[in-house]
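Please lead the reader through the arrangement of strands and helices in the model shown below.

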Amino acid sequence: MTDAALAVTQSAVEAVTERYIESLGGAVEKRETRWEVTIPDDADTELPAGSLSVRCGNDLEADAAGASLHPESEFFQRLLGDASERCPTGKLSMATDQAEVAVPQWLHGNDVEVRRARFTPYYDRSAVVVLFTVSVETVSEYQREFLRACAIDRRSENRLPALEAAFLRTTSVTTETTERTSRSSLTESEARSLLDTARDQLLETVQTEIDDVHRKASSAADAELEEYRRLQQQRIRELETERSKLSSKVDELSETINDGDQKSHVEALQERKEVNTETERVTSELRDLRERRDHGFPHKQGEIRDRHALDVRVNPLTITEVEYERGELDVELTHDGVTRTVTVGYGSGIGITDDRRCSSCDRVFSAENPVTTIKNSLRCRRCTSSTG
Amino acid sequence: MSGYDLVDVEVTHESADDLLDSLSENDTEGDHLQSIQAVRLQAGQPDSELRSLKELDENAVKLLEHQVDAAYRALFEMDGKALLADEVGLGKTIEVGMILKEMHFRETDESVLILTPAQLAKQWQAELREKFGLEFVCNYDDGFEDFDAHDYIIASIDTAKSERHRRTVLDRDWDVLVLDEAHYVKNEATDRYDLIDRLSYNYAFFLTATPIQNELTDLYNVVSLLRPGLFGTRDVFHQYFVNGDQETLVNRDELQDRLNEVMIRNRREDTDIDFTERTIDTRTFDPTPKERELYQAVSDYVKGAYSQDQGQKLVLMLLQKEVVSSPVALKETIEKRLDERSALTHADDLETILDLIDEIETVTKQERLLDIVEEARDTVEMGRVIVFTQFRATQRQILDRLAAEGYTVHAFHGGHSSSEKEQIVEDFEAEGGILVSTDAMSEGRNLQFCNMLVNLDLPWNPMRVEQRIGRIHRIGQKRDVFVFNMALKDTIEEYVLERLYHKIDLFQQSVGELSSILSRLEESGTSFEDHIFERLVNADSDVDLENDFDAMAVDLQEQRELADKLEEFNSGVFEGFDLGASDD
């Protein structure tokens, strides 16, 4: 799944800034790398109203007046914050421009020539595209955050990967979009239901990334637990040694008690009592430690597991209702003096909607296995190459 | 390698209420497309380039491709936690300088702590200032208060871990931690390791040419400080990556993949650095009888005075160094001390020494210097020679003498302002002749247009000697470099030169190589200069002295061999590793 984030280049920064200021009713007057920006007093924005000098990119003179405009400049970050919250829902139409009809991949890469392709829309369909940020965080790894688009057909609630790609193309900064977006007609309840579907689909698509972090976090937790086990094992050995020493001491004292005179007898009895108490303490600690070891240090394990647990947060940022057209695409093909028209299901923005199969072997046509002859019917490369 | 599902995954869906509310808000203005683009840009990486590079002064630092690559990868591909493990002499300090400069530019460096071995702290400070315009306080500065009083600090790791400072260092959340000679923290049972393990920081850059000191576990320890869990448990690391004999690696591809996430190692053979030859010509001269008498008197005085009052060590060391530089330097110091009437031992002996100074008519080194510069007039471009001395008085006298002989001369010392210094260097380049400089000539000065250097006197600190040579023998020098060392026979200078410096092949070592030799010697806390001085004053006879210096030379040679062996061992271990940037 393609990351929806855009590269924050200086040219993107400048293009977005200029368009946004103008959409606020403001003006940008450019003098090379110095811009004079005016924002009207009544504009609904957090950006400062009035006139402002802006220095672009590498115009880095620290003592120059005005705000600087580069990917990380405060001014640009404020502008992005302002713009992202201004209109997070809306509608976008993917109207079909006949010149932009996407001919299927399986018609490329061979001698069959596409003479004409014509899309006939039969009905309008709509979908929603949701932009989500997904952040994955755990104590031992860096927080990973990515932005993903998820497109769901409004009626079938199926995911439309091709529409996601088309949406990202259409909404990139460099694409010249003439159409303006409009208000969405979605109701809140319908949007909520589609959003839930989109969330489920999204989680499936980011599973690989989550698995990657999960594996590393597990490894880190395992390392920590292993260190802990090692330390405890060492402690057990120390306690065993200590207990053995104490036990010898008790034996020695018992001998003194049996053999010694009255005075040493009393002293030894007293001392044996103390040593026995200490032995009990050590034995108890040892028992406790062994028991915890035999159970795999459940408390510590739980504590480490909790600390390394992955926190995945999914946050929807924009919802776009996307209108697109569905219909049929007639593709006129010519090869070796034969002309044939093929009709396939097609949608604007989503491309070919049906698979077509080889009339001879019934394999699905693909970029790797394209149509190579249209003489009597459509046949794939495999069939034509094997029949020579 | 380990249990995959040891930890849980908890998924939280943030509330979408505000977003859904906006569907029914009638007063929503603006273009939805702009909101989409803003959201997509907010999630995007800033154009990852080192934007501060354009701000660097090309005259102060010449960046090499592998250094720029390393800085870029450490910042943008390793998320600001990297082990910079280039082979010796490829400029790891420069790489960190670039990283810090970029972070400063991006304002992600509110607090920076650089931990280095003691003897490198001031050098780090000077390099960052001169090459990158970054100001750091060093714990040896008079103005240093404590670790919570400054935001940009260079300190010796041992100062930071000391009882006095440890708490303050650990109480703070540092933005950036730089750890030079990171192999010092290889052992997890040491206070140094413990300090780094407990330090709180967002970004960290560890430097070492030899990540592995004794065994492959060293690599595990250093990397685990940077990226806990990258190698799993210690046991798993051993079982999986280390052969039973502890000396070879197995599963190298996987190890390389993991190391690639955190370690950058450039090798000399992969860079385009092409150093020219360096020729060393050490010339020892017989002093005149009067000079010999003066040397003996001063040495006797120093020895006697030190045995009575060790508190005067610094000034005594100074006298011992000055007597081989020039009588005039010695005279100035003695007169100053006598004028100050400070508590001098045997002031009358000093008066006698002054008399001896006055009797000297011929200063041998200065006469012989004329021979060298005369040769230079014919052999090097525009007769350009740099003469280094440690003392301003010597410098003045040489300048006068050379000027009287008709040479074009230039003086460079710490008393000049930055712009004056720049002008002096420019004049030297344009007019040629002889630049007489003290050690105030900074790292950053670009002097590779000159290829002949004279050490009129020799610092007792080998790093300083290499720094002098490094002014001209640096990247960008196109010609072979000639270094003349001048010493008087049977003096301390001859011992230092012959017995120590030549033994460790000092004049052919890079700063990086020297630091790895010296840092072991100086781990005891005694500086190289102190070692020399102690031997000098404690020897009972000349034979003793010679033996002492021989013993020190043996130590040094051992350290050097050890350093060479380590470097070789690390090369062997990482041989076949391609730790360059990945292709994708």
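Two strands pair if DSSP finds at least two bridges between them. Helices (H or I, at least four residues) and strands (E, at least two) are themselves DSSP runs, numbered from the N terminus. This is a predicted model, in which local features need pLDDT of at least 70 and side-chain atom pairs count only at pLDDT 80 or more, while totals for chains, interfaces and linings use all residues. Residues are numbered from 1 along each chain as its sequence is written, and chains are lettered from A and ligands numbered from 1 in the order in which they are written.

In chain A, 4 strands form an open sheet in the order E1-E2-E3-E4, with mixed pairing. Its edge strands, each pairing on one side only, are strand E1 (27-31) and strand E4 (67-69) of chain A. From one strand to the next the twist averages 30 degrees; angles run from 0 to 180 degrees between N-to-C directions, and axes are lines fitted to C-alpha atoms, for helices over the stretch in contact. Within this sheet, E1(A) and strand E2 (residues 34-39) of chain A pair in the antiparallel sense over 5 bridges. The bridge partner of A:Lys30 in E2(A) is A:Trp35.

The helices of chain A come next. Two packed helices are described by the angle between their axes and the distance between the axes. Helix H5 (residues 207-259) of chain A and helix H6 (residues 262-294) of chain A have axes that come within 9 Å and cross at roughly 155 degrees. That angle makes H5(A) roughly antiparallel to H6(A). Angles under 35 degrees count as roughly parallel, over 145 as roughly antiparallel, 65 to 115 as roughly perpendicular and the rest as oblique. The crossing of H5(A) and H6(A) is left-handed; a crossing has this hand if the near helix is turned anticlockwise from the far one by less than a right angle, and is right-handed if clockwise. By class, the contact of H5(A) with H6(A) has 12 nonpolar, 9 polar and 11 charged residues. Here Ala, Val, Leu, Ile, Met, Phe, Trp, Tyr, Cys and Pro count as nonpolar, Asp, Glu, Lys and Arg as charged, and the others, Gly among them, as polar.

One residue of helix H5 of chain A is A:Ile236. Leaving aside its neighbours within four places in sequence, A:Ile236 is in contact with A:Leu286, A:Leu289, A:Arg290 and A:Arg293, where contact requires that the C-beta atoms of two residues, placed from the backbone, lie within 7 Å. The C-alpha atoms of A:Ile236 and A:Leu289 are separated by 7.0 Å, although the two residues are 53 residues apart along the chain.

By class, the contact of H5(A) with H7(A) has 6 nonpolar, 2 polar and 3 charged residues.

The contact between the chains takes 69 residues from chain A and 49 residues from chain B. On the side of chain A that touches chain B, H5(A) gives the most, with 12 residues. That side has 34 nonpolar, 20 polar and 15 charged residues. Strands also link the chains: 5 bridges join strand E8 (residues 310-335) of chain A to strand E1 (residues 9-13) of chain B, and the two run parallel. In E1(B), B:His13 is the bridge partner of A:Val314.

Chain B holds an open sheet of 6 strands in the order E9-E14-E13-E10-E12-E11, with parallel pairing. Strand E9 (278-285) and strand E11 (409-412) of chain B are the edge strands. E9(B) is joined by 8 bridges to strand E14 (residues 481-488) of chain B, and they run parallel. B:Ile280 stands opposite B:Val483 in E14(B).
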